[in-house]
Amino acid sequence: MDQSRSSSKESPYIRVAGEREAGVKCARCNKEIEQGELTASCMQCGGIHHQTCWTEYQQCGSYQCSQGTMSKASTSALVISRDDLNHAEPLPVIPSYTDNALTISEKPKQIWNKLAIWAFVIALLGIPLFGIITGLFAMILACIALVSHPTHKKGFALAVAGLMIGFFEIIGWSAGLYFYMDTPRTNSIAFSEYAFDPTSLDNLPADLKRAMKSNVLIEVNNGLFGRGMGSGVILTSVNGKSLIVTNRHVIDSEYNDDSRDVVADDFDKSDPVTVQAIGQIPVQGQIEWIAPHGIDLALISAPLDKEVISDAFWNKKKAPLIGSKVFAIGNPHALGWTHSTGNLSQYRKQTKGAFTYQIIQTTTPLNPGNSGGGLYDENGFLIGINTMTGDKRVAEGLGFAISINTLFDLIPGTFQIPAQQGKIESDDANVSETNN
């Protein structure tokens, strides 16, 4: 026999509830005992009961004393009849999911992060559109989407993609605009569409006609960089071969201000220089001399028909004054034998290494293709070789020519170039003697 059960059935201690028992909950009915009521106290556990509750159940109702009773009850078999099963009603099925530690029977459906989607779409639209603005906007949206991205939403990869695409859009568009704005927008003029008309020389003054006929068009194959084009001036024509002065950068695409000294034999003979004189077909030229000290001058020779060309005139001891009228003959943008006028702005000096030479500044318009051509005084005497011009986007009327005296100072005597060729018909107040 269970000792606890036998003890709980012993006769309780009966007494009237005093202040000590008042307010205590009955161990059987769980209601408060009021002062003055009859109570029954279990002799085993001391549990307080209403006297009526104890009389009704004849045993203690506390948890401690009832264990024995429950243990015995649990050993009895639970019998469920067929009728019980037929009348049983199934409980409703409630979808449930637990925290991460438990099995999820039904996961919530993931939704997309809308900010990430917008960032990606705007970044894509920026590729064909103006990517600097759209790229920046896409990056801002992508950053917000990444910072606030909830773990249960999709779109993290889209936000990262939008951020990267936006970044490269800004870089790409900025670089494209830089090169677009930095590249001069000129109309492409085909030389063949504006061929030179030889009859235009018929009524020209002798000095201008001579300068025209001493000008040549020079073309060089620069390989992958296309063909280079410039001008040249015929100095002398002896035994069917004309000696022509031009700029080194016309025939040497690799030339720059820091270029080293080279000799004519350093150039690749497989890429010949093509020379075209007025009224003649192009012929192959040959590089004869490259100026030392990196000076932008060179001599080439070509078999030209002396009957239709002229040798230039010059006088080393005559130099026009500042403000004098000068003109240039050249082939700007392949428009052969173009005449342009201006004034002599200033004489300047430039030093390369230990060599200092004279530069002529002029307001005469010069363009790509004028390089190597002649700058003449108003009497048609060669005074310089047009070399470069100022950036026309930031300056106007700034052209520069290497003084012809520089050529005389550097050219070897073997070429037998005289200090003067041709005569001035009358003295001119704008021409001064030089000490060179």
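T236 touches K241, S242, L243, D311, I417 and Q421, leaving aside residues up to four places away in sequence, where contact means heavy atoms within 4.5 Å. This is a predicted model, in which local features need pLDDT of at least 70 and side-chain atom pairs count only at pLDDT 80 or more, while totals for chains, interfaces and linings use all residues. Residues are numbered from 1 along each chain as its sequence is written, and side-chain values use heavy atoms, with hydrogens and water left out.

**The chain as a whole**
- The secondary structure comes to ten helices and 21 strands; helices (H or I, at least four residues) and strands (E, at least two) are DSSP runs, numbered from the N terminus.
- Of the 436 residues, 39% count as buried, a term that means under 20% relative accessible area, with exposed being over 50% and partly exposed in between (1.4 Å probe, protein chains only).
- Among contacts in the chain with a separation of 6 or more, 61% are accounted for by residues 24 or more positions apart.
- The accessible surface comes to about 25800 Å², and 56% of that surface belongs to carbon and sulfur atoms; the areas come from the Shrake-Rupley method with a 1.4 Å probe, and for residues only the protein chains shown count as cover.

**Spans annotated in UniProt**
- An unreviewed UniProt entry lists residues 115-147 and 159-180 under "transmembrane region", and such annotations may be inferred rather than shown by experiment.
- In the model, residues 115-147 are 85% helix and 0% strand, with their end C-alpha atoms 11 Å apart.
- Residues 159-180 are 100% helix and 0% strand, and their end C-alpha atoms lie 31 Å apart.

**T236 and the strands around β8**
- T236 lies in strand β7 (residues 227-238) and is buried, with a relative accessible area of 14%.
- Strands β7 and β8 run antiparallel and are joined by five bridges, two strands being counted as paired if DSSP finds at least two bridges between them; within this pairing, T236 stands opposite L243 in β8.
- The hairpin of β7 and β8 has two residues between the strands, and N239 takes a positive phi near 55 degrees there.
- Because five of the six residues of β8 (residues 241-246) are buried, this strand is largely enclosed by the rest of the structure.
- Strand β8 is also joined by five bridges to strand β11 (residues 298-302), again in antiparallel fashion, and T246 stands opposite A298 in β11.

- Four bridges join the antiparallel strands β14 and β17, and F327 stands opposite Y376 in β17.

**N405**
- N405 lies in helix α10 (residues 404-410) and is buried, with a relative accessible area of 8%.
- The C-alpha atoms of N405 and Q358 are separated by 7.9 Å, although these residues are 47 residues apart along the chain.
- A polar atom of the N405 side chain lies 3.4 Å from the backbone oxygen of K316.

Key. Polar contact = N/O pair within 3.5 Å; in protein donor to acceptor, adjacent residues only side chain to side chain.
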